[in-house]
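Please open the model in your viewer and keep the sequence panel beside it. The tour below moves from one selection to the next and says what is to be found at each stop.

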Amino acid sequence: MKYFLLVFETMRQNWLRTLLTSLGTMMMVFVVTLVFSILTFLDRATSEKSQNLKAIVSERWQIPSQMPIAYADALSEGAPQKEGDHRIESKDSMTWSFYGGTTEKDLRLATRSSFLFAFALLPSSLLTMMDELDSLEGPLKAEFEVVVGKLADNRRGIIVGKDRLAALEKSVGDTITLYGLNYKEINLEVDIVGLFPPGRYDNSAAINRDYLRAALDAYPQSHSGKSHPLASKSLNLVWLRMKDKQIFEQVSNQILSSSSFSSPAVKVETASSGISTFLEAYRDLIWGMRWLLAPAILVTLSLVISNAISIGVRERRMEFAVLKVLGFRPWQILLLVISEALAIGVFSGVFSAGLTYYMVNVYFGGLKFPIAFFGEFRIPWEALWWGAAIGGGTAFAGSFLPAWSARTVKVSDVFAKIA
Amino acid sequence: MSHESPCVQVRDVHKSFKRGGDVVDVLNGLNLDVQHGEFVGLMGPSGSGKTTLLNLIAGLDRPTLGEVIVQGQTISRMTEGQLAGWRTRNIGFVFQFYHLLPVLTAFRNVELPLLLLPLSAKQRRQQVTTALDIVGLSDRVNHRPGQLSGGQQQRVGIARAIVTDPALIVADEPTGDLDAKSADEILNLLGELKKTLNKTIVMVTHDPRAAERADRVVQLAKGRLAPQLAK
């Protein structure tokens with residue numbers, strides 16, 4: 001305790017330098033915390049689960065995947081063909097068709113706020129299979145169940161995220177017309193039946209898949225009997241949930257060995273593997289963030305601290321000499337200097353990481369960084385100890401050499417000029 | 001402790017320094033005894049070796065040749081770590097420019113040496129209070145050096161020097177940065193320490209008035225003792 005007080009008191013030597021070093025540390029910890037949060041999120045998303053895993057069935061040779069709707073029913077069950085094959089229950093499967101539209105009829109006048117991207121799916125799968133929505137609890141779950149019920153009852157219904165609804169300048173209960181972007185000339189009049197719970201789907205929407213299918217089926221009637229170009233390509237993804245890897249392997253074999261899915265061919269991969277594949281395009285960016293940006297910031301921070309501590313040590317040579325005269329040993333001088341740096345580093349790191357956590361997660365409701373299809377990132381709670389580790393680690397690295405220099409101050413040399 | 005042997009014994013001490021490529025001999029076979037309770041002044045021209053001798057006696061440096069024995073311990077053979085520990089308990093150092101830590105109060109400055117000893121906070125507080133009482137600064141305990149006059153700062157320096165109750169006080173031009181009145185007060189204080197607390201004092205000074213307060217003045221010239229001025 002007595003040494004701690006001494007450390008704290010000597011930190012007041014130069015308040016301005018202490019403050020500036022602290023601010024520099026906070027700034028860099030803030031940036032590194034953001035980078036680490038994104039990398040951690042992506043690592044978790046791409047790490048293999050061994051239990052209760054989700055698999056994605058998609059077209060093997062094309063992105064985006066465009067499978068015929070005829071595949072939907074069989075794939076949703078896991079394509080069981082014979083006795084002993086595993087059959088996926090309906091609550092453990094989900095089909096997606098992606099519908100993109102705009103509320104502006106004239107595309108030239110369309111702005112970002114008029115666009116809307118919707119998942120066309122079976123309404124019940126919102127509660128059983130959609131990430132984060134399948135684990136809702138309490139009042140939030142009850143509220144969303146009502147909304148899903150409305151979507152199931154109203155084939156023209158649409159559920160929208162709060163941010164997207166605000167951008168469209170519409171309210172729940174309104175009816176809007178969506179002019180198809182990917183499904184050209186498939187325009188859908190939809191009734192806004194409710195909102196997604198706040199979070200991941202703030203900018204998304206969901207419509208009833210039957211409504212889209214019906215629109216595709218009706219297309220030939222107004223187009224001289226010609227089918228819509230995407231009529232046989234409207235199934236984009238099939239999600240399957242399986243208890244463990246063994247069942248995944250079994251279902252995967254069932255699907256891949258079936259002749260029903262050969263044209264186009266399909267592939268089956270775990271969600272994490274699918275995400276990894278999708279992130280391939282961002283591989284260099286992620287690599288740069290992990291191995292260039294973050295280390296560069298850490299090194300810069302260490303140098304900043306080292307510079308500040310070096311200046312302080314140079315100014316305080318006489319003080320260190322006096323402490324040695326009084327009986328302080330070299331290792332105690334070393335410890336004093338390092339402790340001062342650590343105190344500043346750890347405090348600044350924890351404060352910065354904590355503030356980042358609060359501001360990003362609570363105040364802003366997530367970091368909107370559009371990498372791949374991830375809407376937003378949140379700061380994990382581990383950031384609090386990252387802050388301490390980064391601040392403390394860089395403080396130690398930056399202060400060690402100056403502290404060693406302080407330790408080697410020769411008392412007789414410092415006083416040689418006197419008398 | 002037996003006081004038959006001198007408090008300080010300097011035996012045939014040589015001290016050389018490397019300055020650039022040259023070797024400079026600062027002390028050449030110097031011998032000196034300082035008795036317990038004696039107040040000795042060291043005088044001499046610049047470069048005569050006064051401060052070097054003081055540093056050797058205070059255990060801040062080691063001789064190139066010869067021995068320095070203080071309070072019966074041959075400090076010239078101690079390692080740097082041993083010297084540091086020895087200094088805390090046995091030496092009080094008074095500097096010309098006080099060298100107080102500017103961010104610490106008078107109390108905390110005086111307490112510094114005690115942080116190295118196994119004392120409780122209460123014991124440290126008692127000893128600091130006593131030391132500041134002795135130097136007459138009980139009413140300034142919470143003042144920082146910037147809030148004290150030169151004379152008061154030097155009193156704090158003296159309090160710091162005596163707080164561990166060392167037998168030997170070494171003072172390096174303690175009045176060099178003070179006006180005549182303050183210098184007088186400091187010298188009176190040093191005299192009181194010798195008389196009432198039986199401290200042994202070795203003081204480097206250029207000031208003849210300061211030298212007058214000493215029991216004995218030792219003149220150094222070219223690293224050796226010149227014929228002494230007895231009191």
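Begin at B:Gly136, which comes just after helix 4 of chain B and takes a positive phi of about 80 degrees. Helices here are DSSP runs of H or I with at least four residues, strands are runs of E with at least two, and both are numbered from the N terminus.

Before going further, note that this is a predicted model, in which local features need pLDDT of at least 70 and side-chain atom pairs count only at pLDDT 80 or more, while totals for chains, interfaces and linings use all residues. Residues are numbered from 1 along each chain as its sequence is written, and chains are lettered from A and ligands numbered from 1 in the order in which they are written.

Now select helix 4 of chain B itself, residues 121-134, whose 14 residues reach 20 Å from the first C-alpha to the last, close to the 20 Å expected at 1.5 Å a residue (the expected span is 1.5 Å times one less than the number of residues). Within this helix, B:Gln127, B:Val128, B:Ala131 and B:Leu132 are buried, and because their directions fall within an arc of 130 degrees when seen down the axis, they line one face of the helix. A residue is buried if 20 or more other C-beta atoms, placed from the backbone, lie within 10 Å of its own, exposed if 12 or fewer, and partly exposed in between; the arc is that of the directions from the helix axis to the C-beta atoms. Turn to the other side of helix 4 of chain B to find B:Lys122, B:Gln123, B:Gln126 and B:Asp133, which are exposed. The cover over the buried residues of this helix includes helix 3 (106-111) and helix 5 (150-162) of chain B.

Next, display the open sheet of chain B, four strands in the order 2-1-4-5 with antiparallel pairing (two strands pair if DSSP finds at least two bridges between them). Strand 2 (22-34) and strand 5 (73-74) of chain B are at the edges, each with a single partner strand, so one side of each has no neighbour in the sheet. Strand 1 (residues 8-19) and strand 4 (residues 65-70) of chain B are joined in the antiparallel sense by five bridges, and B:Arg11 can be found opposite B:Glu67 in strand 4 of chain B.

Stay with strand 2 of chain B and pick out B:Leu27, which is buried, with 24 other C-beta atoms within 10 Å. Among the residues in contact with B:Leu27, leaving aside its neighbours within four places in sequence, are B:Val13, B:Thr52 and B:Leu53, contact being a distance within 7 Å between C-beta atoms placed from the backbone. B:Gly49 is 22 residues from B:Leu27 in sequence, and 6.1 Å from it in space, C-alpha to C-alpha.

For the last stop, show both chains: 24 residues of chain B are in contact with 20 residues of chain A. On the chain B side, the elements that give two or more residues are helix 1 and helix 2 (80-90) of chain B, and helix 2 gives the most, with five residues.

Methods
Contact = placed C-beta atoms within 7 Å.
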